[in-house]
Structures are given as structure tokens and as C-alpha cells.
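Trainee: I would like to learn how to read the features of a model like this one. Please take them one at a time, with the general idea before the case.

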Amino acid sequence: MDHVSLGRTGVKVSPLCLGAMNFGTWGNPDHDDSIRIIHRALDAGINFVDTADVYSHGESEEIVGRALADGRRDEVVLATKAHASMGEDPNERGNSRRWLVREVENSLRRLGTDHIDLYQVHRPDPDTHIDETLGALTDLIRDGKIRYAGCSTFPAHLIVESHWVAERRVRERFVTEQPPYSILTRGIEADVLPVARDYGMGVLPWSPLSGGWLSGKYRRGRDAPDTHRANSMPDRFDPTRPDNARKLDAVEELARLAADSGITLVDLALAFVLSHPAVTAPIIGPRTMEQLESQLGAADIRLDAATLDRVDEIVPPGTTLNPADVGWTPPDLRRKELRRRR
């Protein structure tokens, strides 16, 4: 695979990033099989691996660590994330200095490494000022425990605020953003992608197959897949719900477009994400070797203008068919007291 620049860091990464969310009890509980999948991805030219502490409650990081323990650590740009709850203690979560400084040590231990190349804040934390978070990440970079810091699923205004704070407070800045982006989830085209491009950030879209909707598993006349995500998030995966029915309609049209173009639906979905000039490397998250093999070829596909125009007709630019797919809801929308005068 050809390599691309990770924002303005000077680091070169493969145009596909291997996501490890499905390695462990959330997806593939067979550690040896998961390691074989990781090794196959590396052998195919992928040098970028992304995981998170919360994936199978640390199990994913442990699997990745084992996979890289055979001397392959130095050839991999290794990324992980922190933010989600990792225990009953209310301080075992969030973006505070107290938690990030503690949790990075746990991730280093599970990954079996002395440094993390890209340490990302998994979600915004309204209870923690961004200066505290950037201050902690800056110290971790100076201590050599992480090389770069990134954010994930941040709205455009918080990305801008983070850069302002970094400049004014002399903090390390976020060099990457990891947003939800697929043909079915295009809302970030209106703001996050232009902002990331303006600030020279690498963009690492998660769920480019829209959680499996663009893999071919969700089609008219077929039973919906019985997966961990489908069972835990029916608002995103129950095809009988109106927003998901809209996705199903779009999938049928996209499948026909892919067939007419002589490629698979998976290839169409990944090549679409790769076609955006702000995107660095979409994150693929295979659970099986078959799924990995079906996605590796997408890095070499270039969609022509006519195909991209047809995609725009099926799902207009900036449109997200199901709002539940955006990955984070601001507290102002969730908490009544923040939007009503007392």
C-alpha cells in the first residue's frame, strides 16, 4: 500500500487503519484468531492499528499487544483511546488529568509497550475543561509515554476551541480527529472535515461501513445480524425503526450502484470515504479473516465522478440518515435543565 501523511506530523501511515474493536468478547473471542488477522493486515501493508481501553474492557489492547510482541511493534503506528468508563469508581472515566495520567499506564501495560504513538480522547467531556485535558496530554508527550494526541467524535466548535487553547496556553494540540463517516453518515462534511483540513489534522473515520450496514449484511428480505452492537444499540441497528429503514432503502440503491460499477458494496463504501480530500485513513474493523480480505483491496479503488455523483443523489452531501449514528449527543440536547429557564 502507498503511505499517506498523518496530518502535518510527518508520520506516514497506510491508507487503511486496522481497528481492533472486534478483537475480544465484543466480537471475536478467539485471541489466536484475532492475532492471525492482525498479522495478515500487517503483511498486506497496513502499518496503522487503532484500539481503545474500553474495547472488551481492555481485552482488545491485550490482544494487540500480543500480536506486536513478536518484534513488529516498531513497524506499527499504534493508536489507542481513553474516556469511557473502566470501572465503578466515578473517576475511572472522562478526560481529567487524574484519569488520563493513570489510564495511559494501564494501556501501556496491556499493550506491552513503553510508548503509544497516538493517544486519543475518545469523546468530549463537558465536565472537564479542554485546557486540563491538553495539559495532561502535553505532559504525557514530554514524558515520552505518548508521541501525539488526538480527539475522537468532537464537534467542529470543540476542535476549534482546542486549537485556540493549545495556542494560548502553549499546549500540544490535537493532530488527528476520529469522526463517524460513511455514505450513510455524512454530517461531518459540513463542518468537521473542513475544520480538520484547515488545521492540518489527520482524519481517521470510524465506521466507514456504517456498523455493517454497508457490508451487505443488511438487505431487504434478510434477517438482521445478531451481533453485540445490534443487540445493545437497537436505535442504530433495528431495521424496523424508521431511521434505519431509510438506511435500508439507501443500501439497496448503493448495492445496485456497486454492481453496475463492477465492485462490491464494501469497496464502494470504503472508496467513497477515501475519496474525500480531508480523509487520511478510514478505520476498518474486521471480526473475521474473511471480512479483512474483503476490505483490503479498497485502498486501490478510485471512484469516477459519475459514481460519486450518483452516491450524492442517493444520500445528499452533509446528510446523516439516522441521527443516532453520530456517536455523541451534546448534553444540551440530553439534559432538560440546560435548555429551559428556571
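Mentor: Start with a polar contact, which is a pair of N or O atoms within 3.5 Å; within protein, one must be able to donate a hydrogen and the other to accept it, and residues adjacent in sequence count only if both atoms are side-chain atoms. Here a polar atom of the Asn 47 side chain lies 3.2 Å from the backbone oxygen of Lys 12. This is a predicted model, in which local features need pLDDT of at least 70 and side-chain atom pairs count only at pLDDT 80 or more, while totals for chains, interfaces and linings use all residues. Residues are numbered from 1 along each chain as its sequence is written, and side-chain values use heavy atoms, with hydrogens and water left out.

Trainee: Where is Asn 47 found, and is Asn 47 buried or exposed?

Mentor: Helices (H or I, at least four residues) and strands (E, at least two) are DSSP runs, numbered from the N terminus. Asn 47 sits in the loop between α1 and β4 (48–50). Buried means under 20% relative accessible area, exposed over 50%, and partly exposed in between (1.4 Å probe, protein chains only). With a relative accessible area of 12%, Asn 47 is buried. Contact means heavy atoms within 4.5 Å. Leaving aside neighbours within four places in sequence, Asn 47 is in contact with His 3, Lys 12, Val 13, Ser 14, Glu 75, Val 76 and Val 77.

Trainee: What does Ser 34 touch, and which backbone oxygen lies 3.5 Å from a polar atom of its side chain?

Mentor: Ser 34 belongs to helix α1 (residues 31–43) and counts as buried because its relative accessibility is 0%. Not counting residues up to four places away in sequence, Ser 34 touches Phe 23, Gly 24, Asn 28 and Ile 63. The backbone oxygen is that of Asn 28.

Trainee: Is Thr 25 buried or exposed?

Mentor: Thr 25 counts as exposed, at 56% relative accessibility, and its place is in the loop between β3 (17–19) and α1. Thr 25 touches Ser 56 and Glu 59, again not counting residues up to four places away in sequence. Between Thr 25 and Thr 329 there are 304 residues in sequence and 26 Å in space, C-alpha to C-alpha.

Trainee: How do I read a whole helix, and which residues of α10 are buried?

Mentor: An α-helix has 3.6 residues a turn, so residues three or four places apart point the same way. In α10 the buried residues are Leu 265, Val 266, Asp 267, Leu 268, Ala 269, Leu 270, Ala 271, Phe 272 and Val 273. Helix α10 (residues 265–274) is largely enclosed by the rest of the structure because nine of its ten residues are buried. Those buried residues pack against α9 (242–261), β10 (283–284), α11 (289–296) and α12 (305–314).

Trainee: How many disulfides does a search of the whole structure find?

Mentor: A disulfide is a pair of cysteine sulfur atoms within 2.5 Å. The search finds zero disulfides. For Cys 17, the nearest cysteine sulfur is that of Cys 151, 15 Å away. Cys 17 counts as buried at 1% relative accessibility, and Cys 151 counts as buried at 0%.

Trainee: What volume has the largest pocket, and which element gives the most to its lining?

Mentor: The largest pocket has a volume of about 1,300 Å³. Of the 48 residues that line the largest pocket, Met 21, Ser 207, Arg 229, Met 233 and Arg 236 lie nearest its centre. Helix α11 gives the most, with four residues.

Technical notes
1 Å grid on protein atoms, 1.4 Å probe; cavity = no way out; pocket = protein on both sides within 12 Å on 5 of 7 lines; lining within 4 Å. Points joined across faces, edges and corners; volume = space filled by probe spheres on them.
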